[in-house]
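Subject: Structure handover and notes

Hello,

The structure I mentioned is placed below. Please look it over before reading the notes under it.

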Amino acid sequence: MNATDKELMMRNELRVISDMKELLMHREDEGLLWHGTKTDLVEMVHILYESEELTDDDGLPMPFKHLMARCCSVVHERVPRNPASYLSQARRCKGMKRAPLLMRYKGRFY
């Protein structure tokens, strides 16, 4: 991976975090639908979780499970039983069609 790829991934990570925080401001009754893969959704929620930008009332990072449930409800997706398996799958996939999310991210999937 060259420096340009790393810069792109860093920029896109910030975009994912921003877009996911914006998604969480929406309500379920707004009718938003997810147009990406479930793997992308889980990966994006995990990126937001790892950023620790959202905290609970005690100032602790919001739990991944809570973020996953909230994002899924807003875009009318079922919460995966085992989100870790989606993350694992995302890390194993290779090739242009399944380039890492942060290399191919161009904006919201909803």
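What follows is a set of notes on helix packing, the cysteines, and a few single residues.

This is a predicted model, in which local features need pLDDT of at least 70 and side-chain atom pairs count only at pLDDT 80 or more, while totals for chains, interfaces and linings use all residues. Residues are numbered from 1 along each chain as its sequence is written, and side-chain values use heavy atoms, with hydrogens and water left out.

Helix packing

Helices here are DSSP runs of H or I with at least four residues, numbered from the N terminus. Two packed helices are described by the angle between their axes and the distance between the axes. The axes are lines fitted to C-alpha atoms, for helices over the stretch in contact, and the angles run from 0 to 180 degrees between N-to-C directions.

Helix 1 and helix 2 pack with their axes 9 Å apart, at an angle of about 95°. That makes helix 1 roughly perpendicular to helix 2 (the term covers 65 to 115 degrees; under 35 is roughly parallel, over 145 roughly antiparallel, and the rest oblique). On the helix 1 side the contact (heavy atoms within 4.5 Å) is made by E13, V16, I17, M20 and K21, and on the helix 2 side by L41, M44, V45, I47, L48 and S51. By type, these residues divide into eight nonpolar, one polar and two charged. Here Ala, Val, Leu, Ile, Met, Phe, Trp, Tyr, Cys and Pro count as nonpolar, Asp, Glu, Lys and Arg as charged, and the others, Gly among them, as polar.

Helix 2 also meets helix 4: their axes come within 9 Å and cross at roughly 100°. Helix 2 and helix 4 are therefore roughly perpendicular to each other. In this contact, K38, T39, V42, E43 and H46 of helix 2 meet P83, Y86, L87, Q89, A90 and R91 of helix 4. The residues involved divide into five nonpolar, three polar and three charged.

Buried faces

Buried means under 20% relative accessible area, exposed means over 50%, and partly exposed lies in between (1.4 Å probe, protein chains only). In helix 4, residues 83–92, the buried residues are P83, L87 and A90. Seen down the helix axis, they fall within an arc of 60°, so they line one face of helix 4; the arc is that of the directions from the helix axis to the C-beta atoms. They pack against helix 2 (38–51) and helix 3 (64–74).

An α-helix has 3.6 residues a turn, so residues three or four places apart point the same way.

In helix 3 the buried residues are F64, L67, M68, C71, C72 and V74. Their arc around the axis is only 160°, which puts them on the same side of helix 3. Their packing partners are helix 1 (3–23), helix 2 and helix 4.

Cysteines

A disulfide is taken as a pair of cysteine sulfur atoms within 2.5 Å, and by this rule the count is zero. C71 is in no disulfide, and the nearest cysteine sulfur, that of C72, is 7.1 Å away. That distance is too far for a bond. C71 is buried, with a relative accessible area of 0%, and C72 is buried at 0% as well.

Single residues

Most residues other than glycine have a negative phi, and most peptide bonds are trans. E52 has a positive phi near 55° and sits in the loop between helix 2 and helix 3. H76 also has a positive phi near 55°, in the loop between helix 3 and helix 4. H76 is partly exposed, at 41% relative accessible area.

S51, in helix 2, is partly exposed at 25%. Its C-alpha atom is 9.2 Å from that of L14, 37 residues apart along the chain.

D19 is found in helix 1 and is buried, with a relative accessible area of 10%. Leaving aside neighbours within four places in sequence, D19 is in contact with Y105, G107, R108 and Y110.

M103 lies in helix 5, residues 101–104, and is partly exposed at 24%. M103 and M9 are 94 residues apart in sequence, with their C-alpha atoms 5.6 Å apart in space. Not counting residues up to four places away in sequence, M103 touches D5, L8, M9 and N12.

Regards

How values were computed:
Helix = DSSP H or I, 4+ residues; strand = E, 2+ residues; numbered from the N terminus.
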